[in-house]
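Please keep the sequence and the structure open alongside it.

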Amino acid sequence: MQAAVRKRQSNAPRSSTNPSQPGSKPKGSSMKRPQFHFDLWFYLTVQNWVLDFGRPIVMIILPLEWFPLNKPSAGDYFHMAYNVITPFLLLKLIERSPRALPRTAVYLSIITFVMGASIHLVGDSINHRLLLSGYQLHLSVRENPIIKDLKPATLIDSFELLYFYDEQLGHLMWYIPFFIILFLYFTGCFTDVKEEKTMPLSGWLLLGPSALYYWYLVTEGQIFQLFLLTFLAMVATVIHQRHKGSVPDANGHFLFASFSVTMCLVAVWVAWLWSDPVLRKKYPGHLYVPEPWSYYTLHVKDSH
């Protein structure tokens, strides 16, 4: 009889979880908590500083004999590496988005980004070669001493076309998709979990270098209007999500804080050079944001 009782007990259905046990979790509560992507943010920050900001510097430091004027310079190779590594890191960032993002918009943005950065590579390479021949960045193309007396005069039109590809079309096709990708990623970085909105210490350590690079990007790339629109769109997204009870997670907080500090740095930069007559002539209008390298050729280069 005891054997029959044991048999009935062994055939009884067993519960997979016991709700009375403190360690048990409901089936729907196993959602993955968003983590701070320190590795990707770190790689993006380092390669931005080395391959983008360091590009013109390495061209100045390395001997000219190593890179003849009719061959690619060290900065050109840096730019080539940037054109490959940056879209790869952006795609990895999109892959880690907590929310599925529109693939068509992401793919088109990446393709346009690579095309624009490649256009800029060619124009910027020739532009920096002109610097070695006396080209002054704080002057317009037609006012430059090495260009204004060219014969035939139609050659000046060719240099203005080069400037258009380098500083206007190349920058727009490069930076517009770049900020679109960052904004799309930001829209997916919201959560209802209150404790996830704080950044870890690693994020605060990266905040300064990241914001300072974006300041350089905005000022040297002459894309303040684009950056301002992106930042305002992020502010509007934060306000809208707060009304729905959501807050930025650690990654969204890092990106929003980086852009906020960048806005402050741009404001300080503009206020400092607001009364500079030479730069004011090159950058007319109410949205006056001079380029750092123009400031360098005007005020720093000759003093050294």
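How many nonpolar, polar and charged residues does the lining of the largest pocket have? The points below begin with the basis of the model and then take up that question.

1. Basis of the model. This is a predicted model, in which local features need pLDDT of at least 70 and side-chain atom pairs count only at pLDDT 80 or more, while totals for chains, interfaces and linings use all residues. Residues are numbered from 1 along each chain as its sequence is written, and side-chain values use heavy atoms, with hydrogens and water left out.

2. The largest pocket. By class, its lining has 14 nonpolar, six polar and three charged residues. Here Ala, Val, Leu, Ile, Met, Phe, Trp, Tyr, Cys and Pro count as nonpolar, Asp, Glu, Lys and Arg as charged, and the others, Gly among them, as polar. The volume of the largest pocket is about 520 Å³. Of the 23 lining residues, Tyr-163, Glu-167, Gln-168, Gly-221 and Gln-222 are the closest to the pocket centre. Two or more lining residues come from each of helix 5 (154-187) and helix 7 (224-243), and helix 5 gives the largest share, six residues. On a 1 Å grid over the protein atoms alone, a pocket is an open set of points with protein on both sides within 12 Å along at least five of seven lines, a cavity is a set where a 1.4 Å probe fits but cannot get out, and lining residues have an atom within 4 Å of a point. Grid points are joined across faces, edges and corners, and a volume is the space filled by probe spheres set on the points. Helices (H or I, at least four residues) are DSSP runs numbered from the N terminus.

3. Cavities. The structure holds three cavities of 30 Å³ or more. The largest cavity has a volume of about 250 Å³; of its 23 lining residues, His-120, Asp-124, Glu-167, Glu-220 and Glu-291 are the closest to the centre. Helix 2, helix 4, helix 5, helix 6 (201-220) and helix 10 (292-300) each give two or more residues to this lining. The classes in the lining of the largest cavity are 10 nonpolar, six polar and seven charged residues.

4. Seven salt bridges are found in the whole structure, each being a side-chain nitrogen of Lys or Arg within 4 Å of a carboxyl oxygen of Asp or Glu. In one of them, the closest N and O atoms of Asp-124 and Arg-55 are 2.4 Å apart. Asp-124 lies in helix 4 (residues 103-131) and Arg-55 in helix 2, so the pair ties together parts 69 residues apart in sequence. Asp-124 counts as buried at 7% relative accessibility, and Arg-55 counts as buried at 6%. Buried means under 20% relative accessible area, exposed over 50%, and partly exposed in between (1.4 Å probe, protein chains only).

5. Arg-142 and its partners. Arg-142 meets Asp-157 in a salt bridge (2.6 Å, N to O). This pair links the loop between helix 4 and helix 5, where Arg-142 lies, to helix 5, 15 residues apart. Arg-142 also forms a salt bridge with Glu-160, with the closest N and O atoms 2.9 Å apart. Arg-142 is partly exposed at 41%, Asp-157 at 39% and Glu-160 at 30%.
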